[in-house]
Amino acid sequence: MAFKLDPEATVNLPCPSCGVKSEQTIATIGMSPRIRCPTCGVLFSVDGKKILKRIQEAQEAIDLQRRKLGH
Ligand SMILES: [Zn+2]
């Protein structure tokens, strides 16, 4: 994978059925196209690549800001 993300980092994914957000690790999202909601038990599809890309972009933005601040 080209992503330089910590596989242990977690992301909150909202359930399309009950709306409750569940914590999933990057590793899970990257490998499983479907995630079971721990609250209502519904199985929903996730676009892992899209989610990871969004996280990576957010992380790059943070890195860029850190560099600007000189840390
Ligand atoms: Zn649910």
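**View 1. Asn12 and its bridge partner in strand 2.** Asn12 has Glu23 of strand 2 as its bridge partner. The model is predicted: local features need pLDDT of at least 70, side-chain atom pairs count only at pLDDT 80 or more, and totals for chains, interfaces and linings use all residues. Residues are numbered from 1 along each chain as its sequence is written. Strand 1 (residues 10-14) pairs with strand 2 (residues 21-25) in the antiparallel sense, over five bridges. Pairing requires that DSSP finds at least two bridges between two strands. In a regular strand the side chains alternate between the two faces of the sheet.

**View 2. The turn of the hairpin.** Six residues lie between strand 1 and strand 2. In this hairpin, Gly19 takes a positive phi near 80°.

View 3. Lys4 sits in the segment before strand 1. Is Lys4 buried or exposed? Lys4 is exposed, because 8 other C-beta atoms lie within 10 Å. The cut-offs are 20 or more other C-beta atoms within 10 Å of the residue's own for buried, 12 or fewer for exposed, and partly exposed in between, with C-beta atoms placed from the backbone. Lys4 and Gln59 are 55 residues apart in sequence, yet 9.7 Å apart from C-alpha to C-alpha.

**View 4. Elements and confidence.** The chain holds two helices and four strands. Their order from the N terminus is β-β-α-β-β-α. Helices (H or I, at least four residues) and strands (E, at least two) are DSSP runs, numbered from the N terminus. Mean pLDDT (the predictor's confidence in each residue, from 0 to 100) is 89 for the chain, and 94% of its residues reach 70 or more. Confidence is lowest in helix 1 (residues 26-31), at a mean of 90, and highest in strand 4 (residues 43-45), at 94.

**View 5. The chain as a whole.** The C-alpha atoms fill a box of roughly 45 × 25 × 20 Å along the principal axes. The chain has a radius of gyration of 14 Å, whereas a compact globule of 71 residues would have one near 11 Å. This radius is taken over C-alpha atoms, and the globule rule is 2.2 Å times the number of residues to the power 0.38. Of the 71 residues, 3% count as buried.
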